[in-house]
Structures are given as structure tokens and as C-alpha cells.
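Me: I am new to this structure and would like to understand the words used to describe it. Could we go through them together?

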Amino acid sequence: DFSDAMKNSGLTWDEATLAQYLKAPRKMVSGTKMTFAGLPKAQDIADVIAYLKTFDTDGNPAKPPQSN
């Protein structure tokens, strides 16, 4: 389960918000139960986001874009 702080954060999870969160989760959502300290390197954050983009919204492997 998510903490009350996370549930009530009011965040809209888009790529920019996720990038900020991955850098400093506790700074972005104070009171969260998560013990993750964050990723200080921009490339590490970009790598995580690129990995997540390999899945669709249901968590299944994303289908490659179709060419014309």
C-alpha cells in the first residue's frame, strides 16, 4: 500500500514529475514511507524512464511503433 503522504500528494505522474521524484523522493513527498534515497545522476534517471517506456499502461511489454 502507498503511504497517506503519497496518496494525498496530488501529483500527476508524467515523465517530468517522475524524473523529479526519482532524484529526491522525500523532498517531493515528505512523510512517505519509502526508504529509497533517490538517483543523483541524470543518466540513471533517464535509464529508468526509458526502461519504463518499454511497458504499456497495463505493465505488458509495449508493442513497437508501426512503420508506414
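Me: Where does Ser3 lie?

Reply: Ser3 lies in the segment before H1. Helices (H or I, at least four residues) and strands (E, at least two) are DSSP runs, numbered from the N terminus. A word on the background: this is a predicted model, where local features need pLDDT of at least 70 and side-chain atom pairs count only at pLDDT 80 or more, while totals for chains, interfaces and linings use all residues. Residues are numbered from 1 along each chain as its sequence is written, and side-chain values use heavy atoms, with hydrogens and water left out.

Me: Why is Ser3 called buried?

Reply: Its relative accessible area is 6%. Buried means under 20% relative accessible area, exposed over 50%, and partly exposed in between (1.4 Å probe, protein chains only). The value for Ser3 is under 20%, so Ser3 counts as buried.

Me: Which residues does Ser3 touch?

Reply: Not counting residues up to four places away in sequence, Ser3 touches Gly31, Thr32 and Lys33. Contact means heavy atoms within 4.5 Å.

Me: What makes Ala46 partly exposed?

Reply: Ala46 lies in helix H4 and has a relative accessible area of 38%. That value falls between 20% and 50%, so Ala46 is partly exposed. From C-alpha to C-alpha, Ala46 and Ser3 are 26 Å apart in space, and they are 43 residues apart in sequence.

Me: How do you know whether Ala42 is buried or exposed?

Reply: Ala42, in helix H4, has a relative accessibility of 62%. This is over 50%, so Ala42 counts as exposed.

Me: What makes the buried residues of H2 line one face of the helix?

Reply: Helix H2 covers residues 15-23, and Thr17, Tyr21 and Leu22 are buried there. Seen down the axis of H2, these buried residues fall within an arc of 130° (the arc of the directions from the helix axis to the C-beta atoms), so they line one face. On the other side of H2, Ala16, Gln20 and Lys23 are exposed. The buried residues of H2 pack against helix H1 (4-7), helix H3 (25-28) and helix H4 (42-52).

Me: How do you know that Thr17 is buried?

Reply: Thr17 has a relative accessible area of 12%. Since this is under 20%, Thr17 is buried. Leaving out residues up to four places away in sequence, Thr17 touches Leu11, Thr12 and Met28.

Me: Why are H2 and H4 called oblique to each other?

Reply: H2 and H4 pack at an angle of about 135°, with their axes 10 Å apart. Axes are lines fitted to C-alpha atoms, for helices over the stretch in contact, and angles run from 0 to 180 degrees between N-to-C directions. Angles under 35 degrees count as roughly parallel, over 145 as roughly antiparallel, 65 to 115 as roughly perpendicular and the rest as oblique. The angle of about 135° belongs to the rest, so H2 and H4 are oblique.

Me: Which residues make that contact?

Reply: H2 brings Glu15, Leu18, Ala19, Leu22 and Lys23, and H4 brings Ile45, Val48, Ile49 and Leu52.
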